[in-house]
Amino acid sequence: MHQSPARFTLDPAFEIGEVNPRLYGSFVEHLGRCVYDGLYEPGHPQADETGLRKDVLELIRELGVTTVRYPGGNFVSGYRWEDSVGPAEQRPRRMDLAWHSLETNQFGLAEFIDFCRKTDVEPMMAVNLGTRGVEDAVRLLEYANNPGGTELADLRIAHGAKEPYGIRMWCLGNEMDGPWQIGHKKPEEYARLARETASAMKMVDSKLQLVACGSSGFGMPTFGTWEATVLNECYEQVEYVSLHSYYGFEKGDTDLASFMSCGEDVERYIRGVVATCDHIGAKLKSPKKIMLSYDEWNVWHASRSPMAPPEEDGFAYAPRLLENTYSLADAVLTGSLLIGMLRHADRVTSASLAQLVNVIAPIMTEPGGPAWKQTIFYPFAQASTYGRGRVLRVEPDSPRQDTERFGEVDLLHATAVTDDRTGAVTVFAVNRDLERGLPLEVELRGFGDGLRVVEHLVLDGDDPQACNTLDAPDRVTPRTATGAAVSGRVLRAELTPMSWNVIRLTRAES
Ligand code: AHR
């Protein structure tokens with residue numbers, strides 16, 4: 001039986017907000033093979049003079065990443081930044097307790113900044129509020145950003161970096177509400193520490209943009225209370241509160257329909273955090289709006305990859321941890337998670353796909369071997385390429401389906417972005433129906449005549465579990481679909497079952 005169409009109206013006057021380029025950020029943590037034997041592998045045939053793999057850098061550029069959060073993650077809660085600077089041969093080897101791994105410190109702060117410059121990404125640095133505090137955060141800031149004439153800025157210059165690193169965005173710790181975190185804190189404890197750290201950092205530079213830790217997940221028992229307590233204390237000191245979420249289809253799971261609908265969770269979570277921020281803002285009578293930094297998000301099948309090296313390996317170097325091989329279904333969901341964030345682009349102005357290389361990542365590498373794109377690479381790269389400009393309001397009238405986890409949900413999950421400079425309009429759409437195609441009808445109101453379809457890119461296929469691997473790196477790739485067209489100011493397209501779609505429109509004359 002044919003599915004009835006999903007419909008919505010697009011009007012350039014009805015805007016959600018401007019897409020902040022920081023929405024297309026990612027995350028590099030000292031974890032598993034993200035850094036070591038990932039983006040950094042001296043001795044690899046593709047390594048440059050500093051040990052960075054040129055083939056990996058090329059893929060990162062193609063992915064369209066705009067910011068990179070560093071150095072963790074759980075790792076940052078035991079991070080000693082001073083171990084990671086100066087002559088590499090003098091840097092200490094340490095136990096990383098978060099991931100029970102060996103940290104050689106051969107890749108450190110200077111190497112990270114070098115990596116950012118080579119990939120043209122903005123660094124987003126986290127300070128350690130687990131085992132450390134205010135003084136250490138300020139010392140790191142001085143080392144990184146002060147031009148010179150003070151002890152630590154001069155130390156950076158002596159280490160060969162005359163120009164300050166100019167890091168503007170700083171995270172005040174990581175997931176401090178999580179009992180697994182080194183230095184885990186109660187909401188009141190973290191709130192005070194975050195406020196004191198933020199105040200001191202702003203005494204160094206009032207223009208810094210600071211991210212307070214929100215909950216480490218929507219499902220945390222302290223969600224809501226945590227955000228309210230933290231913001232009550234440091235509303236005027238920070239610009240952002242963080243959100244983290246991961247979605248897995250674990251061993252033994254059978255409910256693919258709920259998994260494919262996890263974009264609902266992203267939107268409910270965002271709405272919950274926005275409500276909490278605005279509640280505190282109203283209570284404090286502040287004209288300021290707190291923005292959301294969704295600085296860890298991805299598909300993560302925790303049951304499908306180890307979280308620590310085997311005990312007999314002790315503190316292992318670059319162990320294979322959190323290495324998920326992503327499927328077509330995972331990629332379609334990734335697209336839907338991006339749609340969920342874009343639909344709230346007025347408040348989600350920073351986000352980080354966690355992570356970038358090997359560890360729950362869009363890019364995989366083999367030591368001494370090739371690098372390749374996972375399935376989730378494609379929706380991210382396409383969104384980063386075409387999802388720039390203003391997000392327009394999309395209120396779909398869509399057939400619905402019942403899911404165990406989220407109740408009734410629309411089969412269509414969609415957003416649209418218009419670039420006023422070029423007149424381009426791009427519709428991003430996911431069909432959540434696992435079995436049936438979904439006809440799409442979009443009324444194009446207020447654009448005048450002349451919009452036409454440039455291309456309709458699709459990620460779909462017969463096997464939801466199809467993956468890209470070392471042996472078959474191109475099994476799942478986007479294709480160009482035919483049939484999408486504008487006629488009489490209505491865009492019509494067919495969305496194949498369980499698919500991610502990018503429908504690009506432009507003016508006929510351009
Ligand atoms: O991204 C992997 C881990 O997930 C991060 O280190 C931590 O912040 C989160 O729990």
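This is a predicted model: local features need pLDDT of at least 70, side-chain atom pairs count only at pLDDT 80 or more; totals for chains, interfaces and linings use all residues.
Ser499 counts as buried because its relative accessibility is 0%, and buried here means under 20%.

## Other salt bridges

How many salt bridges does a search of the whole structure find? The count is 41. One of them joins the side chains of Lys118 and Asp114, at 2.9 Å from N to O. Both residues belong to helix α2 (residues 109–119), and because they are 4 residues apart, about one helical turn separates them. Lys118 is partly exposed, with a relative accessibility of 22%, and Asp114 is also partly exposed, with a relative accessible area of 22%.

A further salt bridge links the side chains of Arg400 and Glu408, at 2.9 Å from N to O. Arg400 is partly exposed at 45% relative accessibility, and Glu408 is partly exposed at 46%. Salt bridges can also join up into a network, as they do for Arg80, Glu82, Asp83, Arg94, Arg132 and Asp136.

## Around the ligand

Now let us turn to the ligand. It is surrounded by 13 residues, and the closest of these are Glu29, Asn74, Glu175, Tyr246 and Glu296. The space that the ligand takes up is the largest pocket.

Which atoms come within reach of the ligand's oxygen atoms? For Asn74, a polar backbone atom is 2.9 Å from an oxygen atom of the ligand. For Asn174, a polar side-chain atom lies 3.0 Å from a ligand oxygen. For Glu175, an N or O atom in the side chain is 2.7 Å from an oxygen atom of the ligand. On its own, the ligand has 280 Å² of accessible area, and the protein covers 95% of it.

## A mostly covered helix

Is helix α10 (residues 377–386) mostly covered or mostly open? The helix is mostly covered, with 8 of its 10 residues buried. The buried residues in α10 are Phe377, Tyr378, Pro379, Phe380, Ala381, Gln382, Ala383 and Ser384.

## Loops with something to notice

Thr66 lies in the loop between α1 (54–63) and β4 (67–70). At 15% relative accessibility, Thr66 counts as buried. A polar atom of the Thr66 side chain is 2.7 Å from the backbone oxygen of Pro21.

Asn105 is found in the loop between β6 (101–103) and α2, the helix that also holds Lys118 and Asp114. Asn105 is buried, with a relative accessible area of 5%. Met498 lies in the loop between β24 (490–495) and β25, and at 3% relative accessibility Met498 is buried as well.

## Backbone angles that stand out

Here is some background for reading the backbone. Most residues other than glycine have a negative phi, and most peptide bonds are trans.

One joins Tyr70 and Pro71, with omega about 5°, and Pro71 has its place in the loop between β4 and β5 (94–96). Another cis peptide bond runs from Ala354 to Gln355, with omega near 0°. Gln355 is placed in the loop between β12 (348–354) and β13 (363–365).

Definitions and conventions:
Residues are numbered from 1 along each chain as its sequence is written. Side-chain values use heavy atoms; hydrogens and water are left out. A salt bridge is a side-chain nitrogen of Lys or Arg within 4 Å of a carboxyl oxygen of Asp or Glu. Helices (H or I, at least four residues) and strands (E, at least two) are DSSP runs, numbered from the N terminus. Buried means under 20% relative accessible area, exposed over 50%, partly exposed in between (1.4 Å probe, protein chains only). A residue is near a molecule or strand if one of its heavy atoms lies within 4 Å of it. A polar contact is a pair of N or O atoms within 3.5 Å; within protein, one must be able to donate a hydrogen and the other to accept it, and residues adjacent in sequence count only if both atoms are side-chain atoms. Accessible areas come from the Shrake-Rupley method with a 1.4 Å probe; for residues, only the protein chains shown count as cover. On a 1 Å grid over the protein atoms alone, a cavity is a set of points where a 1.4 Å probe fits but cannot get out, and a pocket is an open set with protein on both sides within 12 Å along at least five of seven lines; lining residues have an atom within 4 Å of a point. A molecule sits in a cavity or pocket if more than half of its atoms lie within 2 Å of its grid points.
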